[in-house]
Amino acid sequence: MFDTIGFKLQAKDTGAEGFISKASSDDELIKCLNLVKNGGNYFEESDISIQKELDSIIPFLKTNEKKVFELILQGKNNEQISEELFLGLHTVENYVSYIFNITNCKNRKQLIEKFK
């Protein structure tokens with residue numbers, strides 16, 4: 001249902017072995033199901049280049065920073081992130097600044113566009 005990279009990251013972090021958009025074709029869904037059933041992982045082709053970029057960033061993020069990153073990519077603002085993660089607003093702001101720095105983005109819009 002949710003087709004943003006933030007939700008895909010969250011699904012992967014919680015153990016998902018595959019992720020497919022509801023807009024995918026029937027053939028693509030069958031391919032995904034068969035691959036996962038046989039022990040493989042499936043993520044859509046459109047996500048592969050984004051995943052490579054994420055793989056270069058994720059190792060530099062601590063657990064809470066990674067959660068903040070995922071929530072930013074889901075379109076949540078600092079207050080929503082603060083409430084959801086039970087973190088202080090100032091802490092969230094610091095994490096967001098760090099994320100902008102390591103991704104070479106100046107703002108949320110640029111970050112979301114980069115990982116669309």
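The legends below describe a predicted model, first as a whole and then in close-up. Local features need pLDDT of at least 70 and side-chain atom pairs count only at pLDDT 80 or more, whereas totals for chains, interfaces and linings use all residues. Residues are numbered from 1 along each chain as its sequence is written, and side-chain values use heavy atoms, with hydrogens and water left out.

**View 1. The order of the elements in the protein.** The protein has seven helices and two strands, where helices (H or I, at least four residues) and strands (E, at least two) are DSSP runs numbered from the N terminus. Starting at the N terminus, these elements follow the order α-β-α-β-α-α-α-α-α.

**View 2. The largest nonpolar core.** A nonpolar core is a set of buried Ala, Val, Leu, Ile, Met, Phe, Trp, Tyr and Cys residues joined through side-chain atoms within 4.5 Å. Of the 23 residues in this core, those touching the most other members are Leu-54, Val-68, Phe-69, Leu-111 and Phe-115. Two or more core residues come from each of α1 (5-13), α3 (48-57), α4 (63-73), α5 (78-85) and α6 (89-103).

View 3. Thr-103 lies in helix α6 and counts as buried because its relative accessibility is 1%, buried meaning under 20% relative accessible area (1.4 Å probe, protein chains only). Its side chain reaches the backbone oxygen of Phe-100 at 3.3 Å. Leaving aside neighbours within four places in sequence, Thr-103 is in contact (heavy atoms within 4.5 Å) with Ile-57, Phe-69, Leu-111, Lys-114 and Phe-115.

Note on methods: Buried < 20%, exposed > 50% of the residue type's maximum accessible area, 1.4 Å probe, protein only. Polar contact = N/O pair within 3.5 Å; in protein donor to acceptor, adjacent residues only side chain to side chain.
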